[in-house]
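Try each task before you read its solution.

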Amino acid sequence: LRAPTTLPEASRESRSSHSSSRVSNFHTHLADMAQTLATIVSDTVADMRAQLAAGDKRAAAVLALALFCAVSPLDITQLVFVLAGAAAYALLQPLHMPDSGVKAAKLGKPAPR
């Protein structure tokens, strides 16, 4: 039997740097895709708002259809919890006290210490 051959150190380092380069390229590509998706969604939402403000019924129909497609596969218990969570959030939102530093910054005053 022959003993397994090992790769020289330079070859191992080359593979390691090649692997990290591929990972870095993947992360860069993923970040670019996320940025592109965010831009597309932002532009679409802005266009939809403008069309809804103008009273375009097609935009309202597309929005209603999109909401239906998002909600229809959910189970009734999931829908109940979604509505309960939204109601709880809406009820608790007025009770939220803003951070005094943020409030002071909005008023142009230094934050209390």
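**Exercise 1.** Find what share of the residues is buried.

Solution. Buried residues make up 3% of the 113 residues in the protein. Here buried means under 20% relative accessible area, exposed means over 50%, and partly exposed lies in between (1.4 Å probe, protein chains only). The accessible surface comes to about 10300 Å². Carbon and sulfur atoms hold 66% of that surface. These areas come from the Shrake-Rupley method with a 1.4 Å probe, and for residues only the protein chains shown count as cover.

This is a predicted model: local features need pLDDT of at least 70, side-chain atom pairs count only at pLDDT 80 or more, and totals for chains, interfaces and linings use all residues. Residues are numbered from 1 along each chain as its sequence is written, and side-chain values use heavy atoms, leaving out hydrogens and water.

**Exercise 2.** List the elements, then state where confidence is lowest and highest.

Solution. Start with the count: four helices and zero strands. Helices (H or I, at least four residues) and strands (E, at least two) are DSSP runs, numbered from the N terminus. The order from the N terminus is α-α-α-α. Next, take pLDDT, the predictor's confidence in each residue, from 0 to 100. Its mean over the protein is 78, and 69% of residues reach 70 or more. Confidence is lowest in helix α4 (residues 100-107), with a mean of 59. It is highest in helix α3 (residues 76-92), at 93.

**Exercise 3.** Compare the reach of helix α2 with its expected span.

Solution. Helix α2 covers residues 57-71, which is 15 residues. The expected span is 1.5 Å times one less than the number of residues. That rule gives 21 Å for α2, and the reach from first C-alpha to last is close to this, at 21 Å.

**Exercise 4.** Describe how D56 and R58 meet.

Solution. Their side chains form a salt bridge (3.8 Å, N to O). The rule asks for a side-chain nitrogen of Lys or Arg within 4 Å of a carboxyl oxygen of Asp or Glu. By this rule the count comes to one. D56 also caps the N-terminal end of α2. One of its side-chain oxygens lies 3.2 Å from the backbone nitrogen of R58. Now check exposure. R58 is exposed, at 65% relative accessible area. D56 is partly exposed, at 23%.

Key
Polar contact = N/O pair within 3.5 Å; in protein donor to acceptor, adjacent residues only side chain to side chain.
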